[in-house]
Amino acid sequence: MKNINILLATLAILASLFMASCENGEVEETVIDGTDVNTVFVKTSTPVANVYNFSVVNTGYSQQGMSSVGFKIPAFITGTAKADVVVNFAIDNSLVGTYNEINKTTAKALPSGVTASLGEGKVTIHKGMQASVDSVTLTLSNTSSMTDPLYVVPVRITSITNVEGTKISSNLSTVYVTVSAINTNTYDNRTTAPAGTAQTSWTGWSVTSTPALTNPNNMFSTSTSSYATLNPSQELELVVDMASERTNIGGFRIHVSSTTYRWTEIEVATSSDRTNWTVQGTPLMPSSSTHYVAFYDRIPSARYVRVKVLSWPSSTASFRIAIFQAYW
């Protein structure tokens, strides 16, 4: 699938390079090196100091949400600034390995195709102040190549203006921006049918399931009064054989007998040989009796569809599937 980014600006804070202990989001004064000079450092006000975290969701259709994320990295100084102090930041990928070593992770640097920018890359602590009022904004573009689960962008103070008696902290000069990559080809909470023509014949279609459904073939019709059942409700995996290779698949309609028997999240995968599967996504289902699975990018070719029911309301005592219908 082609991937276009969705950036979800969810902010959190992780550990900084050589970060000393902190408690309740307050960095201990002893971690700031030097007492006879002003020290410039970075600090964030969340339960764990010095992290910004957000997600890039790559879809197969178009951008939803922001193409950049603005996050505040203010600069601080241990005393009041004796003059305006300009604090310059830069992305330093040489610290990715250090981050992984400290945090026992396998985060990667951004792929070469992704462009990362800090804009002007500087903030100013004005004379007589102890913190900057402006911030740095990280912008990512061409994020479709971000397919690994975790990336890290180290943002480091590289220099400050030459103010006598002022220096950069040796232990609180870096913020790690973590980026989680999520890939999906399905819409969440879809309430309208996928584009295309609704299938009306199920000749040769079959379904297998774990656990086994009662009257499984009842789902291959346009009737909402007969259905395949599973009692009690539990994790369910369906594999639908569409009898032959189908092309240009836009999605599916999965109709349950009423909202009493609905699902809340499923996983959808497709295959041509029932061995090699492509997971299209884990869409959330709306609060309705009709569950539509719509693809951002149409599936070029597939014979098998696998649906895993991941969650359902606590009030759902059993499953009743009345219709499984494709659109192409």
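Two strands are taken to pair if DSSP finds at least two bridges between them, and strands themselves are DSSP runs (E, at least two residues) numbered from the N terminus. The model discussed here is predicted: local features need pLDDT of at least 70, side-chain atom pairs count only at pLDDT 80 or more, and totals for chains, interfaces and linings use all residues. Residues are numbered from 1 along each chain as its sequence is written, and side-chain values use heavy atoms, with hydrogens and water left out.

Strand β4 (residues 38-42) runs parallel to β13, joined by three bridges; asparagine 38 stands opposite threonine 166 in β13. These strands belong to an open, mixed sheet of three strands in the order β7-β4-β13. Because β7 (75-77) and β13 (166-168) each have a single partner strand, one side of each is left without a neighbour in the sheet.

Strand β8 (residues 85-91) has antiparallel pairings. Four bridges join β8 to β10 (residues 122-125), with valine 85 opposite isoleucine 125. Five bridges join β8 to β12 (residues 150-160), where valine 155 is the bridge partner of isoleucine 91.

A nonpolar core is a set of buried Ala, Val, Leu, Ile, Met, Phe, Trp, Tyr and Cys residues joined through side-chain atoms within 4.5 Å; buried means under 20% relative accessible area, exposed over 50%, and partly exposed in between (1.4 Å probe, protein chains only). The largest such core has 31 residues, and those with the most contacts inside it include Val40, Val85 and Phe89. Its largest share, five residues, comes from β12. A second, separate core of 30 residues includes Leu236, Trp263, Val268 and Phe319.

Aromatic contacts complete the picture. Rings of Phe, Tyr and Trp (its six-membered ring) pair if their centres lie within 6.5 Å; planes under 30 degrees apart count as stacked, over 60 as edge-to-face and the rest as tilted. The whole structure holds nine aromatic pairs. Phenylalanine 41 and phenylalanine 76 are stacked, at 5.7 Å centre to centre and 25° between the planes; this pair links strands β4 and β7 across 35 residues. Phenylalanine 41 is buried, with a relative accessible area of 9%. Phenylalanine 252 and phenylalanine 295 are instead edge-to-face, at 6.1 Å and 90°, and they connect β17 (residues 236-256) with β20 (residues 290-311).
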